[in-house]
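Open the structure in your viewer and keep the selection tool ready. We will go from one stop to the next.

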Amino acid sequence: MSEPIGIDALLERVRGGYQRIGPRDAHDAAEAGTAVLVDIRYAALRERDGVIPGALAVERNELEWRLDPQGSHRLPEATGHDLRVVVVCDEGYASSLAAESLHRLGLHRATDLIGGFQAWRAAGLPVDGP
């Protein structure tokens with residue numbers, strides 16, 4: 001059994017396994033149709049702060065089931081393991097762990113949004129709602 005590590009060390013380890021993406025690059029990739037944005041925030045946060053237009057809302061506890069291209073509960077957008085998924089949480093922490101989980105499912109292009117939804121909004125990018 002390996003030694004326990006703290007969340008900061010875990011995040012550093014996880015993030016070292018893929019290239020994260022900033023808000024403007026995520027927006028451009030989504031607009032170009034080269035990435036799917038997946039918002040894993042709870043419904044209450046989406047209602048409070050708004051949503052990214054075109055992003056799929058998939059709460060964290062359903063993520064792997066909805067994006068597994070081989071799964072029986074997958075979304076229509078889960079077309080294959082080459083899908084470029086950008087996971088969005090509120091501030092860019094839970095999304096890192098979620099992206100790493102998608103990598104374990106074989107979604108090798110999965111990444112997450114640096115700074116999460118809050119960074120997206122602060123960058124002045126489109127938001128529907130409040």
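**Stop 1: the annotated span**

Select residues 31–129. Their end C-alpha atoms lie 19 Å apart, and the span is 32% helix and 12% strand. Helices (H or I, at least four residues) and strands (E, at least two) are DSSP runs, numbered from the N terminus. The UniProt record, an unreviewed entry, annotates residues 31–129 as "domain: Rhodanese". Such annotations may be inferred rather than shown by experiment.

This is a predicted model, where local features need pLDDT of at least 70, side-chain atom pairs count only at pLDDT 80 or more, and totals for chains, interfaces and linings use all residues. Residues are numbered from 1 along each chain as its sequence is written, and side-chain values use heavy atoms, without hydrogens and water.

**Stop 2: the sheet**

Now show the strands. In what order do the 4 strands of the open sheet lie? The order is β2-β1-β3-β4, with parallel pairing. Two strands pair if DSSP finds at least two bridges between them. At the edges are β2 (56–57) and β4 (111–112), each pairing on one side only.

Next, select β3, residues 85–88. This strand runs parallel to β4 and is joined to it by 2 bridges. Click valine 86: its bridge partner in β4 is threonine 111.

**Stop 3: a charge over a ring**

Select arginine 41 and phenylalanine 117. Arginine 41 lies over the face of phenylalanine 117, 3.9 Å from the ring centre. The rule asks for NZ of Lys or CZ of Arg within 6 Å of the ring centre and within 35 degrees of the ring normal.
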